[in-house]
Amino acid sequence: MPAEKFFIYLAIMAGVTYLIRALPFALCQNKVKNRFIQSFLYYVPYAVLAAMTFPAVIYSTDGIIPGIAGTATGLLFAYNRKSLLMVAVVSCAAAFAAEMLCKLL
């Protein structure tokens with residue numbers, strides 16, 4: 001890719017990214033008082049993070065079964081309020097064990 005084209009794309013991307021971040025500040029100068037909108041804005045980062053992370057977690061292994069096994073184990077331990085480190089370690093171990101089991105079969 002020529003350098004000129006790259007810098008044009010970079011400038012467009014920077015402009016769009018800046019507008020996405022700056023436009024809400026320019027349009028909404030007062031504090032949001034609507035409870036529905038406040039709760040919606042509160043949960044948006046969590047929903048976006050989950051939507052971006054979940055497919056990567058499932059498809060991070062050679063097959064879908066070890067990914068699902070690791071995810072299910074992590075969800076079970078997180079639901080039981082175990083520490084973040086324990087959830088991560090047990091999820092990785094479950095995915096690794098399921099991967100080895102799938103390779104043996």
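Helices here (H or I, at least four residues) are DSSP runs, numbered from the N terminus. The model is predicted, so that local features need pLDDT of at least 70 and side-chain atom pairs count only at pLDDT 80 or more, while totals for chains, interfaces and linings use all residues. Residues are numbered from 1 along each chain as its sequence is written, and side-chain values use heavy atoms, with hydrogens and water left out.

View A. Buried residues (under 20% relative accessible area, 1.4 Å probe, protein chains only) in α3 are Pro66, Gly67, Gly70, Thr71, Thr73 and Gly74. They lie on the same side of α3 because they cover an arc of only 165° around the axis, the arc being that of the directions from the helix axis to the C-beta atoms. On the other side, Ile65, Leu75, Leu76 and Tyr79 are exposed, that is, over 50%. After α3 comes arginine 81, with a positive phi near 60°.

View B. The buried residues of α3 pack against α2 (35-58) and α4. Threonine 71, in α3 (residues 64-79), has a relative accessible area of 12% and, not counting residues up to four places away in sequence, touches Phe54, Val57 and Ile58, contact meaning heavy atoms within 4.5 Å. Serine 91, in α4 (residues 84-104), is buried at 15% relative accessibility.

**View C. Cysteine 92.** The structure holds zero disulfides, a disulfide being a pair of cysteine sulfur atoms within 2.5 Å. The sulfur of cysteine 92 is too far for a bond because the closest cysteine sulfur, in cysteine 102, is 16 Å away.

Note on methods
Helices (H or I, at least four residues) and strands (E, at least two) are DSSP runs, numbered from the N terminus.
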